[in-house]
Amino acid sequence: MSRIGKRPVELPSGVEASLSGQKISVKGPKGTRDFTATDDVTLAVEDNAVTVTPRGKSKRARQQWGMTRTMVENLVTGVTTGFKKELEITGVGYRAQMQGNTLKLALGYSHDVNFDVPDGVTVTAPKQTDIVVEGIDQQLVGQVAANIREWRAPEPYKGKGIRYKGEFIFRKEGKKK
């Protein structure tokens, strides 16, 4: 039995959830998010909580049970506190700055990289070596951060590149004479 799926998702004050068929809409102070569950689970909104129960005992129903409950919890977290990914830039001459809705990155190429920020996400560069990606959609925030990191992933010899804050880069020893 799913230990994750058994727990109901509590709705904090200021958050409303509405259900129409298999589609749940959560509205909070930061915005509105929707999720459509598969037919393997049943959603119910009662007593300021959302409960998810499986339909049947099939393997797919049990898989979807815990996943759907986590997706609903992510909707609630997104509309209340939001999601945030922090990136650090390491390397001589590597820097970032925002210009309107475009992130300009100097990453050692012969040209600057212009990264257009998609809708639903805010990107800020509080320092030249820090980038903060924020939004209410966890998947979109993570994808935008991964796309930025992809321009210059950290290399193992000097550690130069764009890394997540707190990420450990396994360092290799260089050539010996």
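**Sheet arrangement and salt bridges in the predicted model**

Glu 167 belongs to the segment after strand S13 (161-164) and Arg 149 to helix H3, so the pair ties together parts that are 18 residues apart in sequence.

In total, 9 salt bridges are counted. One of them joins Arg 33 to Asp 137, with 3.2 Å between the closest N and O atoms. Since Arg 33 is located in strand S4 (residues 31-36) and Asp 137 in the loop between S12 and helix H3 (138-150), this pair ties together parts that are 104 residues apart in sequence. Glu 173 and Lys 176 also form a salt bridge, their closest N and O atoms being 2.8 Å apart; both residues are exposed. A network of salt bridges links Lys 84, Glu 86, Glu 88 and Lys 165.

An open sheet is formed by 3 strands in the order S1-S6-S5, with antiparallel pairing. Strands S1 (9-10) and S5 (41-46) are the edge strands, each pairing on one side only. S1 is joined to the antiparallel strand S6 (residues 49-54) by 2 bridges, and Ala 49 in S6 is the bridge partner of Glu 10. Helix H2 (residues 59-80) lies across S1, S5 and S6 and runs at about 165° to S6.

Lys 127 is found in the loop between strand S11 (121-124) and strand S12 (130-135). Its relative accessibility is 52%, so Lys 127 counts as exposed. The C-alpha atoms of Lys 127 and Arg 3 are separated by 42 Å, the two residues being 124 residues apart along the chain.

Methods:
Residues numbered from 1 in each chain as written. Predicted model: local features only at pLDDT ≥ 70, side-chain atom pairs only at ≥ 80, totals over all residues. Heavy atoms only, no water. Pairing = 2+ DSSP bridges. Helix = DSSP H or I, 4+ residues; strand = E, 2+ residues; numbered from the N terminus. Contact = heavy atoms within 4.5 Å. Axes fitted to C-alpha atoms, helices over the stretch in contact; angles between N-to-C directions. Buried < 20%, exposed > 50% of the residue type's maximum accessible area, 1.4 Å probe, protein only. Salt bridge = Lys/Arg side-chain N within 4 Å of Asp/Glu carboxyl O.
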